[in-house]
Number of protein chains: 2
Amino acid sequence: MYIDCIQYTMNPTITIDPKSPVPVYRQIADAMRHLLVSGRLQPGDALPTVRDLAVDLGVNFNTVAQSYRILAEEGWLELKRRRGAVVVDREQPSRPTREREQQSVQRLRELIAQFQAEGIPVDRIASQLRKLADSLVKGG
Amino acid sequence: MYIDCIQYTMNPTITIDPKSPVPVYRQIADAMRHLLVSGRLQPGDALPTVRDLAVDLGVNFNTVAQSYRILAEEGWLELKRRRGAVVVDREQPSRPTREREQQSVQRLRELIAQFQAEGIPVDRIASQLRKLADSLVKGG
């Protein structure tokens with residue numbers, strides 16, 4: 001079970017960009033949150049131990065431990081004694097304030113500006129945004 | 001001129017969220033990059049000195065200095081002796097690789113997952129994504 005989880009659930013979808021300005025522990029947490037939100041990791045699923053995932057990703061033990069702590073604080077994981085973790089049934093958060101939503105839109109705008117600055121053409125960015133919007137509404 | 005720039009160009013648009021997990025120097029750089037990409041800061045525009053902006057935003061001097069360095073490395077700013085900066089005419093970067101574009105889409109997906117995890121309804125997120133796509137193509 002365990003090995004399956006590392007091999008088939010985690011490996012293909014978590015990738016780390018060592019050149020990114022986003023710290024690695026955040027990259028791991030962000031990627032795992034995406035798997036959790038999309039339902040590819042379900043309540044009851046066992047995650048690899050911190051040590052195994054660290055070896056797998058070629059990063060420091062503490063880096064993975066920090067990612068797991070973040071997700072545990074957000075209510076996604078229950079951490080286990082021997083440094084493993086299990087996905088738990090997370091309470092649906094209450095709808096955030098309008099101000100918080102505005103901040104989210106601002107974060108999106110800034111990320112898009114970053115893509116433009118990197119030279120990705122605006123029509124490509126726009127079509128990706130529309131695709132993502134479609135897949136959200138279809139529940140994809 | 002100088003004071004105008006702080007007062008009317010920078011102040012209304014840079015906001016810092018102290019509770020965000022994104023480091024403050026990155027928040028400042030991201031917000032300024034957005035102003036640069038959208039053309040609200042133009043080549044030749046003088047930016048406030050590091051010290052003035054730090055006081056303005058209520059953050060450490062070194063934090064703002066780091067943001068300016070990031071943007072200078074990206075080719076947006078020319079740093080000045082007394083710690084001011086001027087917006088320069090930045091060369092259009094060459095179009096990034098397909099792999100880089102895929103990474104960008106992944107970053108977007110992860111940010112969206114974060115919004116979902118915070119409880120923003122998917123239809124709201126989708127409509128914001130479509131609005132952003134529209135404004136990009138209209139050159140807004």
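Here are some numbered notes on the two-chain model above, meant to be read with the structure open.

1. First, some housekeeping. This is a predicted model, in which local features need pLDDT of at least 70 and side-chain atom pairs count only at pLDDT 80 or more, while totals for chains, interfaces and linings use all residues. Residues are numbered from 1 along each chain as its sequence is written, and chains are lettered from A and ligands numbered from 1 in the order in which they are written.

2. Let's start with chain A by itself. Chain A has 6 helices and 3 strands (helices are DSSP runs of H or I with at least four residues, strands are runs of E with at least two, and both are numbered from the N terminus). Reading from the N terminus, the order is α-α-β-α-α-β-β-α-α. Of its 140 residues, 30% are buried. Here "buried" is for a residue with 20 or more other C-beta atoms within 10 Å of its own, "exposed" is for 12 or fewer, and "partly exposed" is for anything in between, with C-beta atoms placed from the backbone.

3. How do the strands of chain A line up? They make an open sheet of 3 strands in the order E1-E3-E2, with antiparallel pairing (two strands pair if DSSP finds at least two bridges between them). Strands E1 (46–47) and E2 (77–79) of chain A are at the edges, each pairing on one side only. E1(A) is joined to E3 (residues 85–87) of chain A by 2 bridges, and these strands run antiparallel. If you want a spot to look at, find A:Leu47, which stands opposite A:Ala85 in E3(A).

4. Now the sheet in chain B, an open one of 3 strands with the order E1-E3-E2 and antiparallel pairing. E1 (46–47) and E2 (77–79) of chain B are its edge strands with a single partner strand each, so one side of each has no neighbour in the sheet. Between E2(B) and E3 (residues 85–87) of chain B there are 3 bridges, in the antiparallel sense. B:Glu78 has B:Val86 in E3(B) as its bridge partner.

5. Take a look at helix H3 (residues 50–57) of chain B too. Its residues B:Val50, B:Leu53, B:Ala54 and B:Leu57 are buried. Looking down the axis of H3(B), the buried residues fall within an arc of 105°, so they line one face of the helix (the arc is taken from the directions from the helix axis to the C-beta atoms). After H3(B) comes B:Gly58, with a positive phi near 70°.

6. Two serines are worth a visit. A:Ser20 is in the loop between H1 (2–10) and H2 of chain A, and A:Ser20 is exposed, with 12 other C-beta atoms within 10 Å. Setting aside neighbours within four places in sequence, B:Ser67 is in contact with B:Tyr25, B:Ile28, B:Ala29 and B:Met32 ("in contact" is for two residues whose C-beta atoms, placed from the backbone, lie within 7 Å).

7. Chain A can be laid on chain B with an RMSD of 0.0 Å by a turn of 180° and a shift of 0.0 Å along the axis. The two copies are thus related as by a two-fold rotation axis. The superposition is by least squares on the C-alpha atoms of residues with pLDDT of at least 70 in both copies.

8. What does the interface look like? In total, 46 residues of chain A are in contact with 46 residues of chain B. Helices H2 (24–37), H5 (98–117) and H6 (122–137) of chain A each give two or more residues to the side that touches chain B, and the largest share, 15 residues, comes from H5(A). That side of chain A divides into 22 nonpolar, 10 polar and 14 charged residues. As 100% of the interface residues of chain A are also interface residues in chain B, the copies meet through the same surface.

9. Last, the core. In the largest nonpolar core, with 62 residues, A:Leu129 and B:Leu129 touch the most other members (such a core is a set of buried Ala, Val, Leu, Ile, Met, Phe, Trp, Tyr and Cys residues joined through C-beta atoms within 7 Å). Leaving out neighbours within four places in sequence, A:Leu129 is in contact with B:Leu129, B:Leu132 and B:Ala133.

Notes
Nonpolar A, V, L, I, M, F, W, Y, C, P; charged D, E, K, R; others polar.
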